Amino acid sequence: MLTTVITNARCFRGASETQSAGWEDNTYLVFSDGWITDRGTGTPPETIHAQRHIDAQGAWLLPGLANTHTHSGMTLFRGKAEALPLNRWLTQRIFPWEAQLKEDDIYWASLAAIGEMLRHGVTAFADMYFFEEAVARGVLQSGIRALLSRGVTNGPEQARALGESEALLQLAQEDQSGHLYAAVGPHAPYTVDDTLMAQLLDLAERYDVPVHIHLQETYDEVTASLKAFGERPTERLRRLGMFEHRVLAAHCVWLDDKDLQTLAHPNVTVAHNPTSNLKLGSGIAPTHAMRSTGVSLSVGTDGPASNNRLDVWSEIRLAGLLEKGSSGMAEVGEASFWISAATQTAYHALFGMKHRLEVGDPADCFLFDPMCWESLPLPGSLDALLHTFPSEHVSDVFVAGEQVVQNGVVQSLDMEKIRAEVNQRAKRFG
Ligand SMILES: [Zn+2]
């Protein structure tokens, strides 16, 4: 078993009951067999025999980021459906293109997405799409972690989608790698009727997995639900018993006070997607009100067709800026909160794991290169780091102790091969 020690790092310190997240200088971190086995300051004890020693030279060391809402298969559509609102974006572009996708398209698209995420310090993601077995192959090949869900809607495909959902749950249940997890994926309240929703919740119950769903992304979704069901989507999901399960609720842009109270539930984590919400003209999610009400928050990019990047670090920065700007308070939107949201909160929601770079936590982490122009002088706080460093300066990334990015180069994937496949396949769209 390979033991790694990273020394001389400016290391993230996770939030606790009494303290918000912070950092420690001159930290060493030891990991072995995928898990953190020691952490301290100064020189590591001589009893530690590491096969790999990395001198961080004072660089920032952070827990790996989690992208809690994306559709990695949509990489083939990146940049091909611009300047459209959600409804037209879906019906005029995305749905007709999706009808042409084959399993191999999803495989290559997801490899491109995973390569991009790893490169930017993302060590885990929650995906919702179809042909998720192909995404699972990409996950195992690349060494990232993932919570995969087969998106399900009413329609002629629904029986097949239900069957594929269960097959995916079985695949994850049998996985021995520790990298593959699965969830149930009702696409959204407006595409799934009560009967199908009950079938999906039954699956979640039987396999004891989370539910991943889009929720109250647009104003129109809320008004349409009031018209069709006489209740808001969140109220309808509550009535259907959804919040008795662990739920990953993506977007949540249009929330009233009652929605906020309902979503402030220990089983619920919101995936906040600030860029996608802005780009599709959906709105600005009330994250400050969510925080005040006790709603648990994580961060997602949404798919590459509506962002267009899978860069969680820049989403965190935007989330913080939007919280400051929309509340009129410069002191909120703190980096300590949003980095914790994208690490600790997200890993708990996706995998039930702690993720603070402490002993017993997964060895999923990344280093920022200290030798860049923005590091003059080296950022002295999490806020300074977030607002100064772009994620292009991520230098080294580890997932389950394996080094998947070295000096900014993804080690586990063949970028040239993926580039050729993705460029060729993307020619069919747009
Ligand atoms: Zn989405």
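A helix crossing is left-handed if the near helix is turned anticlockwise from the far one by less than a right angle, and right-handed if clockwise. I use that convention below.

**Entry 1, ground rules.** I am working on a predicted model, in which local features need pLDDT of at least 70, side-chain atom pairs count only at pLDDT 80 or more, and totals for chains, interfaces and linings use all residues. Residues are numbered from 1 along each chain as its sequence is written. Helices (H or I, at least four residues) and strands (E, at least two) are DSSP runs, numbered from the N terminus.

I looked up how helix H11 (residues 312-327) packs on helix H12 (residues 335-351): the angle is about 140° and the axes are 9 Å apart. Axes here are lines fitted to C-alpha atoms, for helices over the stretch in contact, and angles run from 0 to 180 degrees between N-to-C directions. Angles under 35 degrees count as roughly parallel, over 145 as roughly antiparallel, 65 to 115 as roughly perpendicular and the rest as oblique. H11 and H12 are therefore oblique to each other. The crossing of H11 past H12 is right-handed.

I then listed the contact, where two residues touch if their C-beta atoms, placed from the backbone, lie within 7 Å. H11 brings Val312, Ile316, Ala319 and Gly320, and H12 brings Ala335, Trp338, Ile339 and Ala342. Sorted by class, the contact of H11 with H12 has seven nonpolar residues, one polar and no charged. For the classes, Ala, Val, Leu, Ile, Met, Phe, Trp, Tyr, Cys and Pro count as nonpolar, Asp, Glu, Lys and Arg as charged, and the others, Gly among them, as polar.

I picked Leu318, which is found in H11. Leu318 is buried, with 20 other C-beta atoms within 10 Å (buried means 20 or more other C-beta atoms within 10 Å, exposed 12 or fewer, partly exposed in between, with C-beta atoms placed from the backbone). Leaving out residues up to four places away in sequence, Leu318 touches Pro274 and Thr275. From Leu318 to Phe351 I count 33 residues in sequence and 25 Å in space, C-alpha to C-alpha.

The axes of helix H4 (residues 158-174) and helix H5 (194-207) come within 11 Å and cross at roughly 10°. That makes H4 roughly parallel to H5. On the H4 side I noted Gln158, Leu162, Ser165, Glu166, Leu169 and Gln173, and on the H5 side Leu196, Gln199, Leu203 and Tyr207. This contact has five nonpolar, four polar and one charged residues.

In H2, 14 of the 17 residues are buried.

The peptide bond from Asn307 to Asn308 is cis, with omega near 10°. Asn308 sits in the loop between strand S13 (296-299) and H11. Leu376 and Pro377 are also joined by a cis peptide bond, with omega about -5°. I find Gln57, not a glycine, with a positive phi of about 50°. With 12 C-beta neighbours inside 10 Å, Gln57 counts as exposed. Asp208 has a positive phi near 50°, and with 10 C-beta neighbours inside 10 Å it counts as exposed.
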